[in-house]
Amino acid sequence: MANPILVLAEHLRGSLTEVTFEMLGAARALAQSTGAPVQALLVGSGVEPLAAQLGAADSVLLVDRPDLANPSSEQVSLAAEQAAGKTGAGLIFVAGTNVSTGIGTLLAARAKLPLVNFCREIKVADGRPTFVSQLFGGKVFAEVRMAGDRGVVSLYPGAFRAEAGRADKAAPVERCDLQAPPAKVRFRRFVEPETGDVDITRQDVLVAVGRGIQSQDNLALAEELAQVLKGAVCASRPVIDQGWLPLSRQVGKSGMSVKPRLYIALGISGAPEHWEGMQSSRLIIAFNTDPKAPIFDGSQYGVCGDLLDYVPALTEKLKARSS
Amino acid sequence: MNIVVLLKMVPDTVEELNVGADGRSLDAEFLRYKLGDPDEHAIEQALLLKEKHGGTVTLVALDAPEVDDVLFTALAKGADRAIKLTGAESPPGTPVLAQAVAACVRGVWNPLPADTLILCGSYAIDDLEGELAPWLATAFEIPLAMVVAGVQIEDGGRKAVVTREFFGGLRGEFELDLPAILGIQSAEKPPRYVPIAKVRAAMKSARIDSQAAELPEPPAGLELGRMAKPEAAGHAQMLEGDPDKVADQIIEVLAQQSLI
Ligand SMILES: Cc1cc2nc3c(=O)[nH]c(=O)nc-3n(C[C@H](O)[C@H](O)[C@H](O)COP(=O)(O)OP(=O)(O)OC[C@H]3O[C@@H](n4cnc5c(N)ncnc54)[C@H](O)[C@@H]3O)c2cc1C
């Protein structure tokens with residue numbers, strides 16, 4: 001039987017996150033071809049009740065201590081290292097999310113394990129896994145194998161099916177202790193999302209602007225289009241980072257997840273971190289000067305051209321129509 | 001404060017990326033390099049901290065095409081010193097890069113002064129073997145925070161209080177004792193613009209220290225197989241014509257779907 005697969009359960013503010021079930025699903029699928037048992041590791045304070053939801057694993061290792069409330073990446077990676085040592089785990093799955101980023105690399109660096117980042121797919125041949133990683137913002141994929149049986153895999157959120165990692169039953173729970181020095185990084189408080197002027201998650205129509213909008217002045221074009229369509233303007237990260245729109249308007253991995261009936265993307269390349277937040281939109285129409293922009297791959301309609309030429313014409317025609 | 005910014009050049013994805021003849025690396029022919037967005041923000045955050053608390057900003061980067069422009073631009077913006085590590089033939093993986101950078105930093109400061117803050121981009125698009133910051137945190141055994149979007153210095157330079165991003169706009173505040181390393185996601189202000197004339201002036205007045213990089217053998221644990229471009233699952237129906245024609249087609253679609 002192969003070494004166990006250890007899945008590091010991710011949770012925030014008392015709830016397991018979706019990626020935890022995605023990782024468990026990926027581990028179950030791999031276990032089916034290698035025969036490895038699946039173990040979930042839950043690290044935190046007062047997190048024991050969450051263990052009941054981890055039934056897709058064969059067992060749950062629980063490290064529950066008061067000083068592990070909102071633990072640092074270092075504490076969690078130490079816990080994972082010790083748990084893996086104890087159970088002889090081979091592969092360790094961590095989430096490639098903002099919440100967990102850093103944990104996998106700390107673990108790999110300290111335990112001298114190989115690490116595969118950005119993993120989107122796992123293929124198995126002759127009992128050995130090949131990890132397919134997405135590099136360069138999704139422009140290239142690389143197939144990677146590990147030389148030995150042990151290593152850390154950081155799984156891309158949204159790449160694996162969460163349903164495969166949910167189970168009605170509960171798995172046996174084993175409590176573990178953690179030998180750790182006092183935390184070097186201390187949690188202070190949560191900073192709640194700014195409540196913006198508009199709640200973009202509740203809009204039927206969103207006009208999204210990306211770096212292709214080029215200047216703050218050009219935002220007026222998007223505002224006007226949104227106005228005739230009775231929608232609101234949202235943006236990709238670079239536009240928010242420029243300070244042109246408030247954080248409450250950011251769509252994507254670190255921003256909001258939206259599912260409007262209509263999403264018009266203006267000058268957005270379609271990076272995976274942006275897709276994460278808008279892929280459930282009903283109808284997507286994209287404007288981009290680059291015929292090969294990835295945004296066109298997932299949109300229903302595309303316009304290859306300068307948004308500065310195309311958007312004003314559309315707004316004018318819509319206005320004329322409604323008056 | 002002793003502020004050190006570690007910079008990493010990455011392929012510019014605005015250009016077409018092609019896989020090379022060996023099937024396991026990028027075709028270098030049309031490759032252009034730039035600083036990743038998070039690295040630009042790391043520079044900005046360093047300059048903001050220097051303006052507020054005084055001290056020096058030292059840049060460390062591995063040699064790569066276009067790196068001199070990047071370093072002179074940062075010097076023109078207000079960084080004090082730039083070190084370029086030479087000798088790597090192709091971009092090494094993060095573990096090797098981290099060792100090279102750590103050796104350079106140790107060569108300048110050993111031990112690290114108590115008011116040292118090391119900044120780098122929270123991630124890079126070629127981080128196949130993990131991010132730079134955690135590798136360095138392990139090498140120096142100093143505290144780490146990732147996905148940082150705000151930095152305050154407290155206790156007279158002994159402590160950093162950082163805001164890190166989670167998701168959906170939720171953030172968390174953490175405190176770390178210095179010396180520490182931060183993976184910067186975004187600076188408190190957008191990266192500043194510096195006119196070309198100032199960059200040219202920096203090219204004349206400032207200099208870049210070149211040093212041979214200490215490059216260890218890469219760890220043996222990973223076998224890189226095939227690289228390939230993704231196959232698109234689908235493609236948009238492209239609307240052709242001049243802006244008026246395109247507008248008519250879009251309006252037809254919107255009307256069909258009762259969106260207008
Ligand atoms: C941990 C992490 C979290 C992230 N979180 C988010 C997030 O929440 N949201 C997010 O959006 N990104 C996020 N990102 C960043 C993401 O990877 C991309 O960098 C970002 O989405 C790119 O934004 P963009 O498409 O606007 O810019 P670019 O990728 O620069 O694309 C600009 C596009 O505009 C086109 N263009 C240029 N001029 C014109 C014109 N005149 N007319 C029409 N088209 C034009 C170009 O062809 C190009 O395709 C995150 C990344 C990481 C690693």
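**How to read this model**

Modeller: Start with chain B: of its contacts between residues at least 6 apart in sequence, 70% join residues at least 24 apart. Contact here means heavy atoms within 4.5 Å.

Colleague: What should I know about the model and its numbering before going on?

Modeller: This is a predicted model, in which local features need pLDDT of at least 70 and side-chain atom pairs count only at pLDDT 80 or more, while totals for chains, interfaces and linings use all residues. Residues are numbered from 1 along each chain as its sequence is written, chains are lettered from A and ligands numbered from 1 in the order in which they are written, and side-chain values use heavy atoms, with hydrogens and water left out.

Colleague: How many helices and strands make up the secondary structure of chain B?

Modeller: Helices (H or I, at least four residues) and strands (E, at least two) are DSSP runs, numbered from the N terminus. Chain B has six helices and 13 strands. Its C-alpha trace spans about 65 × 45 × 40 Å along the principal axes.

Colleague: What percentage of the residues of chain B count as buried?

Modeller: Buried means under 20% relative accessible area, exposed over 50%, and partly exposed in between, with a 1.4 Å probe and protein chains only. By that rule 53% of the 260 residues of chain B are buried. The accessible surface of the chain (Shrake-Rupley method, 1.4 Å probe; for residues, only the protein chains shown count as cover) comes to about 11,300 Å², and carbon and sulfur atoms hold 49% of that area.

Colleague: Which residues of helix 4 of chain B are buried?

Modeller: They are Leu132(B), Ala133(B), Pro134(B), Trp135(B), Leu136(B), Ala137(B) and Phe140(B). Because seven of the nine residues in this helix (residues 132-140) are buried, it is largely enclosed by the rest of the structure. The buried residues pack against helix 3 (103-111) of chain A, and within chain B against strand 1 (2-7), helix 3, strand 6, strand 7 (144-154) and strand 10. Just after the helix, Glu141(B) takes a positive phi of about 55 degrees.

Colleague: What does Leu97(B) contact, leaving aside neighbours within four places in sequence?

Modeller: Leu97(B) touches Lys8(B), Leu62(B), Pro92(B) and Leu132(B) when those neighbours are left aside. Leu97(B) lies in helix 3 of chain B and is buried at 4% relative accessible area. Pro218(B) is 121 residues away from Leu97(B) in sequence but 9.4 Å away in space, C-alpha to C-alpha.

Colleague: Where is phi positive in chain A, and is the residue there buried or exposed?

Modeller: The general idea comes first. Most residues other than glycine have a negative phi, and most peptide bonds are trans. Lys230(A) has phi near 55 degrees and counts as exposed, at 73% relative accessibility. Its place is the loop between helix 4 (219-228) and strand 14 (232-235) of chain A. Asn70(A) also has a positive phi, near 45 degrees. This residue sits in the loop between strand 5 (59-64) and helix 2 (73-87) of chain A, and is partly exposed at 27%.

Colleague: Where does the ligand lie?

Modeller: The ligand is between chains A and B. To find its surroundings, take every residue with a heavy atom within 4 Å of it. That gives 28 residues, the closest being Ser236(A), Val251(A), Ser269(A), Glu273(A) and Asn288(A). The shell divides into six nonpolar, 16 polar and six charged residues, where Ala, Val, Leu, Ile, Met, Phe, Trp, Tyr, Cys and Pro count as nonpolar, Asp, Glu, Lys and Arg as charged, and the others, Gly among them, as polar.

Colleague: How far is a polar side-chain atom of Ser269(A) from an oxygen atom of the ligand?

Modeller: The distance for Ser269(A) is 2.6 Å. Gln250(A) places a polar side-chain atom 2.8 Å from a ligand oxygen atom. For Val251(A), a backbone N or O atom lies 2.8 Å from a ligand nitrogen atom. Of the 990 Å² of accessible area that the ligand has on its own, the protein covers 85%.

Methods:
A polar contact is a pair of N or O atoms within 3.5 Å; within protein, one must be able to donate a hydrogen and the other to accept it, and residues adjacent in sequence count only if both atoms are side-chain atoms.
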